[in-house]
Amino acid sequence: MPRRHLQIRKETRLLGAIQIMTGLNIHFVGLLWTYLLLSQISAFGKPYLPLSTVTRYPYWSSTCFIFSGIFAIMIEKRRSPLLLSYAIIVNILSACIAVIGLILLSLEFIIYSLSTKTPIWPEVSTRFL
């Protein structure tokens, strides 16, 4: 009976660390966006809600990226077919979530450009007339 041997490259630990760092960056950017949104509402009274606030994308996507990185690191330490299948599933899920993030960002740009009639002060201050 032939024994199966899992061959995993050495880069999986590095890729797992990159996925974890990406998840942490997205989470902290989401916290920064939330702070800026709350300060903008209290300072200017403009009730513009971004899609990232409505969908809470930075928070649930960052947990998926972190889990994907953890599975990638764990698969290098303990090589089992079950753990490998979980890692593949979570990596495919995180890739789909990244595509969803790109779609949300493009929709955000389109909605903002169509809905804003008067520019807010950072837009006016950066224009050179």
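Q: Why does Arg13 count as partly exposed?
A: Look at its number: Arg13 has 42% relative accessibility. Buried means under 20% relative accessible area, exposed means over 50%, and partly exposed is in between (1.4 Å probe, protein chains only). The 42% of Arg13 falls in between, so Arg13 counts as partly exposed.

Q: What kind of model is this, and how are residues numbered?
A: This is a predicted model, where local features need pLDDT of at least 70 and side-chain atom pairs count only at pLDDT 80 or more, while totals for chains, interfaces and linings use all residues. Residues are numbered from 1 along each chain as its sequence is written, and side-chain values use heavy atoms, with hydrogens and water left out.

Q: What makes Glu76 and Arg13 a salt bridge?
A: A salt bridge is a side-chain nitrogen of Lys or Arg within 4 Å of a carboxyl oxygen of Asp or Glu. Here the N to O distance between the side chains of Glu76 and Arg13 is 3.9 Å. That is within 4 Å, so the pair qualifies. Searching the whole structure turns up 1 salt bridge.

Q: Which parts of the chain does the pair link?
A: Distant ones: Glu76 sits in helix α3 and Arg13 in helix α1 (residues 11–44), 63 residues apart. Helices (H or I, at least four residues) and strands (E, at least two) are DSSP runs, numbered from the N terminus. The chain has 5 helices and 0 strands, and its pattern along the sequence reads α-α-α-α-α.

Q: Does Glu76 count as buried or exposed?
A: Glu76 has 14% relative accessibility, which is under the 20% limit, so Glu76 counts as buried.

Q: What does Thr12 touch, not counting residues up to four places away in sequence?
A: Thr12 touches Ala72 and Glu76 with that rule in place; contact means heavy atoms within 4.5 Å. Thr12 lies in helix α1.

Q: Which residues make up the largest nonpolar core?
A: There are 6 in all: Leu51, Tyr57, Cys64, Phe65, Ile97 and Leu104. α3 (57–77) and α4 are the elements that give two or more residues to this core, and α3 gives the most, with 3 residues. A nonpolar core is a set of buried Ala, Val, Leu, Ile, Met, Phe, Trp, Tyr and Cys residues joined through side-chain atoms within 4.5 Å. Take Ile97: leaving aside neighbours within four places in sequence, its contacts include Tyr57, Cys64 and Phe65.

Q: What makes a nonpolar surface patch out of Val99, Ile103, Leu107, Ile110, Ile111 and Leu114?
A: Patches are made of residues with over 30% relative accessible area and no salt bridge: like charges are joined within 9 Å, and nonpolar side chains (Val, Leu, Ile, Met, Phe, Trp, Tyr) within 5 Å. Ile110, in helix α4 (residues 81–115), has a relative accessible area of 47%. That is over 30%, so Ile110 passes the area test. The patch covers about 560 Å², with accessible areas coming from the Shrake-Rupley method with a 1.4 Å probe, where for residues only the protein chains shown count as cover.

Q: What is the phi of Arg56?
A: Arg56 has a positive phi of about 60°, although it is not a glycine. Most residues other than glycine have a negative phi. Arg56 is found in the loop between α2 (51–55) and α3. At 46% relative accessibility, which is between 20% and 50%, Arg56 counts as partly exposed.

Q: Why does Pro50 count as buried?
A: Pro50 has 18% relative accessibility, under the 20% cut-off, so Pro50 counts as buried. Pro50 lies in the loop between α1 and α2. Not counting residues up to four places away in sequence, Pro50 touches Leu37 and Glu108.

Q: Where does UniProt place the feature "transmembrane region"?
A: The unreviewed UniProt entry places this feature at residues 12–37, 57–75 and 82–112. UniProt positions are given in the numbering used here, feature names are shortened, and annotations may be inferred rather than shown by experiment. In the model, residues 57–75 are 100% helix, with end C-alpha atoms 27 Å apart. Residues 82–112 are 100% helix too, and their end C-alpha atoms lie 45 Å apart.
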